[in-house]
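Have the sequence and model open as you read.

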Amino acid sequence: PLEIVNRGKVAIFQFLKRMQFGFHSWDLDLGNMQLKTVPFPLLSAMQWEKEFWCRLKQLSLRNNIITSLPQDVQLMTNLTILDISSNRLSTIPPTIAMLSSVKILDASCNRIQALPAEMSRNVSLEEL
């Protein structure tokens, strides 16, 4: 992400180290990285990069400055824990309800007024 590159070598190294850990554990912690957007791969990305994101089991984006989640979040079908707390989110995309494996969704400390109605269909959700 450009915001990481602009912060210099230390930030780039830290980001790559976290990505590498995620490749081995399927647990990606991108918390406290001053991200403005979720670095979800674009359609033009390499297939392995898309598969990595889709195989994640845990994703932490806590304590960043993210204002929106990508609609493609629905592709992360193996995700069981999603931490998007302490960002600048005002809405959550309805597609997040398609994450049927998510058991824990932490969206606290955001500007969210209401959850998508589709969330009521997610029977796996244990903690919100």
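What follows covers the salt bridges and then a tryptophan.

This is a predicted model, so local features need pLDDT of at least 70 and side-chain atom pairs count only at pLDDT 80 or more, while totals for chains, interfaces and linings use all residues. Residues are numbered from 1 along each chain as its sequence is written, and side-chain values use heavy atoms, with hydrogens and water left out.

**Salt bridges**

Side chains of opposite charge can pair when their charged atoms come close. Counting a side-chain nitrogen of Lys or Arg within 4 Å of a carboxyl oxygen of Asp or Glu, there are 2 salt bridges.

| Pair | Closest N and O atoms |
|---|---|
| D29 and R62 | 2.8 Å |
| R55 and E51 | 3.9 Å |

The D29–R62 pair links distant parts of the chain, 33 residues apart: D29 sits in strand β1, and R62 in the loop between β2 (58-60) and β3 (81-83). Helices (H or I, at least four residues) and strands (E, at least two) are DSSP runs, numbered from the N terminus. R55 and E51 are separated by about one helical turn because they are 4 residues apart in helix α3 (residues 47-55).

How accessible is R55? R55 is partly exposed at 43% relative accessibility, where buried means under 20% relative accessible area, exposed over 50%, and partly exposed in between (1.4 Å probe, protein chains only). E51 is partly exposed too, at 33%.

**W26**

W26 lies in the loop between α2 (9-25) and β1 (27-29) and is partly exposed at 26%. Leaving aside residues up to four places away in sequence, W26 touches F52, R55, L56, K57 and Q58, with contact meaning heavy atoms within 4.5 Å.
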